[in-house]
Every structure is written in C-alpha cells, then in structure tokens.
Amino acid sequence: MRRVVGSISSEIVVSRDGLLYCGICKRGTFTKRGLYLHLLRVHRDEILEMVEEKSRRIKRFYSGLYNG
Ligand SMILES: [Zn+2]
C-alpha cells in the first residue's frame with residue numbers, strides 16, 4: 001500500500017527549481033504544506049480513485065503471477 005501511494009504522489013506532485021506544483025491541475029506554486037492541503041481539499045476524491053485503481057492493477061498483477 002505504501003508503494004501504491006508513493007507511485008501516485010510522484011504523479012500528483014511536480015517539483016521544479018525547488019518549487020512545488022500540483023500535478024493534477026498544474027496550479028502552483030505551493031509550499032509542501034500548502035500543496036498537501038490543496039490536494040486534500042481539491043483532489044481528495046481523484047486521489048482516492050487513483051489509489052484504488054492502482055491497487056486493483058497491482059492485485060491483478062500479483063494474482064497473475066501466482067496463477068501462472
Ligand atoms: Zn490541484
């Protein structure tokens with residue numbers, strides 16, 4: 001689960017020249033805390049969906065490995 005969230009955070013957080021931008025709506029710049037709050041307020045549902053979609057994909061991947 002930690003890996004799922006990590007791979008998503010690299011998609012939703014854009015950092016350029018030490019400044020942080022939102023990878024979903026491209027707004028910025030934010031401080032670390034500001035971006036975190038922005039993501040929670042504006043993109044909470046989208047992020048939850050991304051997490052679910054990713055973990056579904058990972059589950060499929062692993063069950064494929066085990067089942068041949
Ligand atoms: Zn945003």
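**Sheet and helices in a predicted model**

The strands of the model form an open sheet of three, in the order E1-E2-E3, with antiparallel pairing; here two strands are said to pair if DSSP finds at least two bridges between them, and helices (H or I, at least four residues) and strands (E, at least two) are DSSP runs numbered from the N terminus. The edge strands, each of which pairs on one side only, are strand E1 (13–16) and strand E3 (28–30). From one strand to the next, the twist averages 45 degrees, where axes are lines fitted to C-alpha atoms, for helices over the stretch in contact, and angles run from 0 to 180 degrees between N-to-C directions. The structure is a predicted model, in which local features need pLDDT of at least 70 and side-chain atom pairs count only at pLDDT 80 or more, while totals for chains, interfaces and linings use all residues. Residues are numbered from 1 along each chain as its sequence is written.

In general, strands of a sheet pair through backbone hydrogen bonds, either parallel or antiparallel. In this model E1 and E2 run antiparallel and are joined by four bridges, with Val14 standing opposite Tyr21 in E2. Strand E2 (residues 19–22) is likewise antiparallel to E3, to which two bridges join it, and in this pair Leu20 stands opposite Phe30 in E3.

The hairpin of E1 and E2 has two residues between the strands, and Asp17, although not a glycine, has a positive phi of about 50 degrees. Asp17 counts as exposed because it has 5 C-beta neighbours inside 10 Å; a residue is buried if 20 or more other C-beta atoms, placed from the backbone, lie within 10 Å of its own, exposed if 12 or fewer, and partly exposed in between. Lys26, which is found in the loop between E2 and E3, is not a glycine either, yet has a positive phi of about 65 degrees, and with 8 C-beta neighbours inside 10 Å Lys26 is also counted as exposed. In strand E3, where Thr29 is found, the peptide bond from Gly28 to Thr29 is cis, with omega near 0 degrees.

Helix H2 (residues 32–42) lies across E1, E2 and E3 and runs at about 5 degrees to E2. Cys22, a residue of strand E2, is partly exposed, since 19 other C-beta atoms lie within 10 Å. Leaving aside residues up to four places away in sequence, Cys22 touches Ile12, Arg27, Gly28, Phe30, Leu35, His38 and Leu39, where contact requires C-beta atoms, placed from the backbone, to lie within 7 Å. The C-alpha atoms of Cys22 and Glu11, which are eleven residues apart along the chain, are separated by 9.1 Å.

The axes of helix H1 (residues 2–12) and helix H3 (residues 44–66) come within 10 Å and cross at roughly 130 degrees. The two helices, H1 and H3, are therefore oblique to each other, given that angles under 35 degrees count as roughly parallel, over 145 as roughly antiparallel, 65 to 115 as roughly perpendicular and the rest as oblique. In the contact between them, Val4, Val5, Ser7, Ile8 and Ile12 in H1 meet Ile47, Met50, Val51, Lys54, Ser55 and Ile58 in H3. By class, this contact of H1 with H3 has eight nonpolar, two polar and one charged residues, where Ala, Val, Leu, Ile, Met, Phe, Trp, Tyr, Cys and Pro count as nonpolar, Asp, Glu, Lys and Arg as charged, and the others, Gly among them, as polar.

How values were computed
Contact = placed C-beta atoms within 7 Å.
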